[in-house]
Amino acid sequence: MYRYDEFDRQFVTERVAQFRDQASRRLSGALTEDEFRPLRLMNGLYLQLHAYMLRIAVPYGTLSSRQLNTLAFIAEKWDRGYGHFTTRQNIQFNWIKLEDTADILSKLAEVEMHAIQTSGNCIRNVTTDQWAGAAADEIADPRPVGELVRQWSSLHPEFSYLPRKFKIAVTGAPNDRAAVKVHDIGLRLHLNDKGERGWEVLVGGGLGRTPVIGVTVRDFLPEHELIAYLEAIMRVYNLYGRRDNKYKARIKILVHELGADKFRAEVEAEYARRPHADTKVEERELQRISAYFAPPKFEKLPRWSATFEEARARNKEFAAWVKTNVAAHRIDGYAIANVSLKPEGGIPGDATADQMRVVADLAQRYAFDEIRVSHHQNLVLPHVRRDDLFAIWKVLNANGLAASNIGLAGDIIACPGLDYCSLATARSIPIAQSISRRFADLNRQHEIGPLRINISGCINACGHHHVGHIGILGLDKKGEEYYQITLGGSSSESASIGTILGPGFAGEDVPDAIEKIVNTYLAHRQPGEEFLAAYRRLGAQPFKEALYAAA
Amino acid sequence: MPLLKNGSIISDDWITIGLEDPRPESGDIVVPYARLLKEWESLTDHDGRLGVIFTNIDRVEALTLFLPRLALIVLPFPSFTDGRAYSLARQIREIGYTRELRAAGNVLPDQVQFMLQVGFDSFEIGDRFSADIWLKASRQMSLAYQRGLFRPLGQQEVWSERHREAEPWLEQPHAG
Ligand code: HEM
Ligand code: SF4
């Protein structure tokens with residue numbers, strides 16, 4: 001993985017010093033809260049319902065065990081012993097004091113981490129496929145480009161006071177696990193017939209109150225032009241994006257109001273006008289970065305692992321875990337092990353300091369010291385020997401980390417909602433917990449098959465409800481929380497926005513409603529047909545009938 | 001209003017005149033862009049230097065014609081979170097303007113370094129913060145990841161530091 005050189009290190013250290021000074025000016029009253037706000041936001045510090053929340057960047061979701069151990073340390077020393085992994089592959093601490101923040105950032109800098117641009121109206125942490133560098137279907141590891149974009153966008157002087165936040169996602173695989181179509185900019189790698197690399201550039205996707213699928217502005221952008229082209233897009237957005245209404249300030253609105261063709265023409269004109277020499281992606285810099293992402297020293301192993309097969313035959317629980325949580329690796333004898341942070345009745349994405357240390361330790365022993373954070377709020381050990389899977393599972397199982405539900409009904413995405421968030425209109429965590437309990441029977445989850453349930457506590461859609469196969473949105477009607485259900489969303493390469501089914505439900509009725517939807521699917525599905533495919537074939541009607549007919 | 005320029009605090013000797021104000025016979029004057037458009041013919045003959053207050057909604061290409069005569073361009077910040085002028089500043093430098101480029105309005109010390117990097121070289125600073133806060137804030141970071149920025153206070157580019165053995169990298173742009 002990427003290692004800081006002396007310059008990266010100096011950069012982050014100076015940034016911490018700068019923030020220390022800003023925080024002390026705020027504490028002394030020299031800066032007003034209004035003046036301090038954009039400064040703290042650019043360092044990931046939010047003011048929440050009960051305390052400050054610090055959001056730490058996990059660039060493209062990659063962590064070393066040393067880094068994860070440091071996050072555990074921070075959780076214990078400055079928070080309440082746990083952290084919350086987010087849908088943007090970051091981690092949030094919800095109980096932070098302003099006075100401690102600079103010390104936390106110093107501690108992070110020791111392990112090459114920071115909170116730069118994890119909030120504020122700037123280019124946010126770049127996200128990618130959590131299986132990058134490991135997935136069997138991958139064209140190439142997208143992380144070197146992710147790192148290139150991270151560096152280019154870090155304290156970019158021109159693009160730090162944008163109309164609104166800006167999110168970039170990158171994927172190097174045809175199966176999109178990075179949701180690039182619902183980002184402000186999505187980048188997808190393609191190869192042409194000559195085997196050269198080019199990037200498809202999608203712009204204007206997003207969730208929030210106006211969910212939109214991004215439009216492709218370039219099909220195949222040569223790699224060395226990438227940064228220059230991103231600058232042209234950013235400049236058009238910075239100059240013409242709306243600033244009069246923060247709900248209309250995202251780039252998706254600009255693309256929509258101009259129309260995709262006019263927007264593309266503006267970008268191309270800006271691109272043609274700019275001198276590019278100083279933004280060209282230099283081969284030597286890309287190579288320097290790529291070297292850090294060289295694959296680990298895999299052993300030559302047989303595809304078939306006797307240890308693994310035996311354990312699987314003997315132990316049903318392990319076999320169930322393998323079925324959902326283990327994915328194909330591109331190297332024979334290796335596997336990708338997904339660690340679910342969604343135990344029955346748990347808080348999606350939460351991990352205790354002890355659990356973080358357990359995973360860090362496993363990574364060190366079995367996984368070339370690498371951990372990934374997924375946008376489904378789970379962790380991943382990306383490169384493990386199939387021979388070791390059983391040993392890994394036993395440790396996970398002993399620490400409440402072996403929920404066998406990756407991609408199933410229990411693997412729910414949920415935002416913090418009214419339990420923490422000052423913008424929330426309803427709670428989302430308790431809803432996730434009650435659904436998770438309702439579908440606790442693992443056999444039943446396996447029987448239902450792949451299902452994405454996503455929950456947001458307000459229209460801002462941090463819980464990705466628009467792209468859940470089943471989406472749940474918490475709203476407020478005259479002081480009562482109620483929940484609107486959408487069906488048919490997806491953030492994959494065939495992305496779609498879910499459709500609202502009908503009137504909402506009170507919180508305690510949500511598990512029943514979800515169950516009715518699932519039962520309708522089970523009754524109508526064809527052999528082997530997954531929930532989303534069935535919905536796309538059937539349409540909303542049978543689900544509506546099941547939900548609203550009796551009432 | 002005092003100005004921050006080249007690392008010192010100086011007074012502003014330009015005379016700012018509004019859309020309707022009478023024009024002085026001579027002296028260095030700054031006019032709104034709309035007035036520049038309207039009175040361009042006679043303004044070219046003005047006895048003194050000429051500056052313009054540009055707006056955030058006009059396109060920079062429109063300035064090309066006037067550039068040779070302009071000695072000051074002022075870009076307003078209606079609020080410190082309105083970042084349009086950062087892009088305008090870079091565009092103005094990209095079309096070849098080399099004289100004074102001033103940030104006016106709602107500007108905070110912690111933003112000055114970014115502004116210097118995109119090509120501003122003077123700042124209306126008001127009296128909200130003391131001079132040393134401004135000076136300190138303008139040199140908070142000694143490194144930048146982007147290439148081709150202005151680095152009047154000697155900040156380094158990470159890229160060229162990393163690839164020192166490479167042929168001399170693109171020349172730094174020069175501000176006035
Ligand atoms: C707890 C404090 C949080 C606050 C105050 C907050 C605030 C917001 C707001 C205002 C938006 C809408 C922005 C827009 O559409 O212009 C948004 C969107 C979003 N947030 Fe959060 N959020 C919080 C936590 C989270 C968490 C925990 C996650 C990850 C689980 C997250 C991930 C996202 C994502 C993915 C989007 C939506 C999509 C998009 O940007 O188009 N946020 N957030
Ligand atoms: S979706 Fe709403 S409630 Fe949930 S974290 Fe985002 S802003 Fe808060």
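Strand E6 and strand E7 (residues 100–105) of chain B pair in the parallel sense over 6 bridges. Two strands count as paired if DSSP finds at least two bridges between them. Strands, labelled E, are DSSP runs of at least two residues, and helices, H or I, are runs of at least four, numbered from the N terminus. One bridge joins B:Pro76 to its partner B:Ala104 in E7(B). From E6(B) the chain crosses through helix H3 (residues 84–94) of chain B to E7(B), and this β-α-β crossover is right-handed. Right-handed here means that, with the strands pointing away from the viewer, the path from the first strand over the helix to the second runs clockwise.

A word on the source. This is a predicted model, in which local features need pLDDT of at least 70 and side-chain atom pairs count only at pLDDT 80 or more, while totals for chains, interfaces and linings use all residues. Residues are numbered from 1 along each chain as its sequence is written, chains are lettered from A and ligands numbered from 1 in the order in which they are written, and side-chain values use heavy atoms, with hydrogens and water left out.

Back to E6(B). Strand E5 (residues 50–53) of chain B is joined to E6(B) by 4 bridges, and the two run parallel. B:Ile53 has B:Val74 as its bridge partner there.

Now chain A. Strand E15 (residues 379–385) is also mostly covered, with 6 of its 7 residues buried. Strand E12 (residues 334–339) of chain A pairs with E15(A) in the antiparallel sense over 5 bridges, and A:Val339 is bridged to A:Leu379. Strand E14 (residues 370–373) of chain A pairs with E15(A) over 2 bridges, again antiparallel. In the hairpin of E14(A) and E15(A), with 5 residues between the strands, A:Gln377 takes a positive phi near 65°.

Another part of chain A is an open sheet of 5 strands in the order E6-E7-E8-E9-E10, with mixed pairing. E6 (127–128) and E10 (215–222) stand at the edges with a single partner strand each, so one side of each is left without a neighbour in the sheet.

Next, the ligands. Which residue gives the iron atom of ligand 1 its only protein donor? A:Cys462, through SG at 2.1 Å. Donors are N, O and S atoms within 2.8 Å of the metal (3.2 Å for Na, K and Ca); water is not among the atoms, so sites may look incomplete. A:Cys462 lies in the loop between strand E17 (453–456) and strand E18 (470–477) of chain A. A:Gly468 is in the loop between E17 and E18 of chain A, and at 0% relative accessibility A:Gly468 counts as buried.

Around ligand 1 there are 23 residues, and among those that come nearest are A:Lys165 and A:Lys167. Being near means having a heavy atom within 4 Å. A polar side-chain atom of A:Lys167 lies 2.8 Å from an oxygen atom of ligand 1. A polar backbone atom of A:Leu207 is 2.8 Å from an oxygen atom of ligand 1.

Ligand 2 is surrounded by residues including A:Cys415, A:Cys421, A:Cys458 and A:Cys462.

Terms used:
A polar contact is a pair of N or O atoms within 3.5 Å; within protein, one must be able to donate a hydrogen and the other to accept it, and residues adjacent in sequence count only if both atoms are side-chain atoms. Buried means under 20% relative accessible area, exposed over 50%, partly exposed in between (1.4 Å probe, protein chains only).
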